[in-house]
Amino acid sequence: RRLLESIHRPAYLNLLEMACTRGSGSLDSDTYFTAQSWKLALQAAGGALAVAQAVWDGGARRGFALTRPPGHHARPGQGMGFCLLNNIALAAEGLLHSGARRLAIVDLDLHHGNGTQEIFWQRADVFYLSTHQQPLYPYSGSLEETGAGGGEGCTANFPLPPMSGDEAFQQVMDGLILPLLDRYQPEMILVSYGYDPHWMDPLGSLLLSAGGYGKLAAKLAGWADQHCGGKIAWFLEGGYDPEAAQACSL
């Protein structure tokens, strides 16, 4: 519970747990819960932490946490965007409690991870980088959002217009994300891996292909191999076309 409360406000956690014990309902127009949601959210967050820890400790070379519900929209005091607990933020916080000093979260979901950004907004121990379609829900993640206080410069957003496609993603990766990782030198990379930028996904229009996903993943893994002992793990976020999800997981 202590780790949960280092990311989410106790009042929100209590509210979510109590609401789930009473049955089904909604936090907002698109974030629902059932009587099993609290247990499932804890399992997803715990699974994310276990995968990250296994890679950090050297028990696994790579990691992929198939987390459901997803997490990157979950704010400290509010679940939203299908997300109840912020899985990747909890995984990162767990690694910091285990001795990590500097981590990077690379968010490749269709939507901006507003919750993850908010959690680490004023901190320098986690560098948050995001590619996302703009304009699109949750209508955050502008170029000007770079962190504040002790975290100034530890947030980097790369909003992309509709129809960007593979080439735009590769240019952002090669020209912006990898150089920023070079400068920050994280000890491990955690990737918010949504399938919804894929061209088949019904919620967006970034038109990324499965091959494009593969190149992005290979470049991040290659960077990790060269700079942080290969320590990298992926955490499932959005993605709403089963065939696209299957193609991007191979």
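This is a predicted model: local features need pLDDT of at least 70, side-chain atom pairs count only at pLDDT 80 or more; totals for chains, interfaces and linings use all residues.
Which residues does Tyr193 touch, not counting residues up to four places away in sequence?

1. Contacts of Tyr193. Not counting residues up to four places away in sequence, Tyr193 touches Phe64, Leu108, Tyr213, Trp234, Phe235, Leu236, Glu237, Gly238 and Cys248. Tyr193 has a relative accessibility of 6% and therefore counts as buried, the limit being under 20%.

2. Largest nonpolar core. Tyr193 is also one of the residues with the most contacts inside the largest nonpolar core, a set of 38 residues. Two or more residues come from each of the strands E4 (103-107), E5 (126-133), E6 (155-160), E7 (189-193) and E8 (232-236), and from each of the helices H6 (165-184), H7 (210-227) and H8 (242-249). Helix H6 gives the most to this core, with eight residues.

3. Second core. A separate core of 36 residues includes Ala41, Ile88, Ala100 and Leu190. As general background, nonpolar side chains in soluble globular proteins tend to be buried together.

4. The structure holds six aromatic pairs. Phe127 and Tyr184 form one that is tilted, with 5.2 Å centre to centre and 55 degrees between the planes. This pair links distant parts of the chain, since Phe127 is in strand E5 and Tyr184 in helix H6, 57 residues apart. Both partners are buried: Phe127 has a relative accessibility of 1%, and Tyr184 has a relative accessible area of 13%.

5. Tyr193 and Tyr213 form an edge-to-face pair, with 5.5 Å centre to centre and 80 degrees between the planes. The angle is over 60 degrees, which is why the pair counts as edge-to-face. Because Tyr193 lies in strand E7 and Tyr213 in helix H7, the pair ties together parts that are 20 residues apart in sequence. Tyr213 is buried, with a relative accessible area of 1%. Ring pairs link Phe64, Tyr193, Tyr195 and Tyr213 into a cluster.

6. Largest pocket. The largest pocket holds about 260 Å³ of space. Its lining is made up of 14 residues, and Tyr32, Arg68, Pro69, Pro70 and Phe82 lie nearest the centre. Strand E2 (31-33) and helix H3 (37-57) each supply at least two residues of the lining. By class, the lining divides into seven nonpolar, four polar and three charged residues.

7. Glu93. This residue lies in helix H4 (residues 87-97). Is Glu93 buried or exposed? Glu93 counts as buried, because its relative accessibility is 7% and the limit is under 20%. Leaving aside neighbours within four places in sequence, Glu93 is in contact with Leu3, Ser6, Ile7, Phe120 and Arg123.

8. Asn114. Helix H5 (residues 114-119) contains Asn114. With a relative accessible area of 12%, Asn114 is buried. Not counting residues up to four places away in sequence, Asn114 touches His72, His73, Arg75, Met80, Pro138 and Ser140.

Notes
Residues are numbered from 1 along each chain as its sequence is written. Side-chain values use heavy atoms; hydrogens and water are left out. On a 1 Å grid over the protein atoms alone, a cavity is a set of points where a 1.4 Å probe fits but cannot get out, and a pocket is an open set with protein on both sides within 12 Å along at least five of seven lines; lining residues have an atom within 4 Å of a point. Grid points are joined across faces, edges and corners, and a volume is the space filled by probe spheres set on the points. Helices (H or I, at least four residues) and strands (E, at least two) are DSSP runs, numbered from the N terminus. Ala, Val, Leu, Ile, Met, Phe, Trp, Tyr, Cys and Pro count as nonpolar, Asp, Glu, Lys and Arg as charged, and the others, Gly among them, as polar. A nonpolar core is a set of buried Ala, Val, Leu, Ile, Met, Phe, Trp, Tyr and Cys residues joined through side-chain atoms within 4.5 Å. Buried means under 20% relative accessible area, exposed over 50%, partly exposed in between (1.4 Å probe, protein chains only). Contact means heavy atoms within 4.5 Å. Rings of Phe, Tyr and Trp (its six-membered ring) pair if their centres lie within 6.5 Å; planes under 30 degrees apart count as stacked, over 60 as edge-to-face and the rest as tilted.
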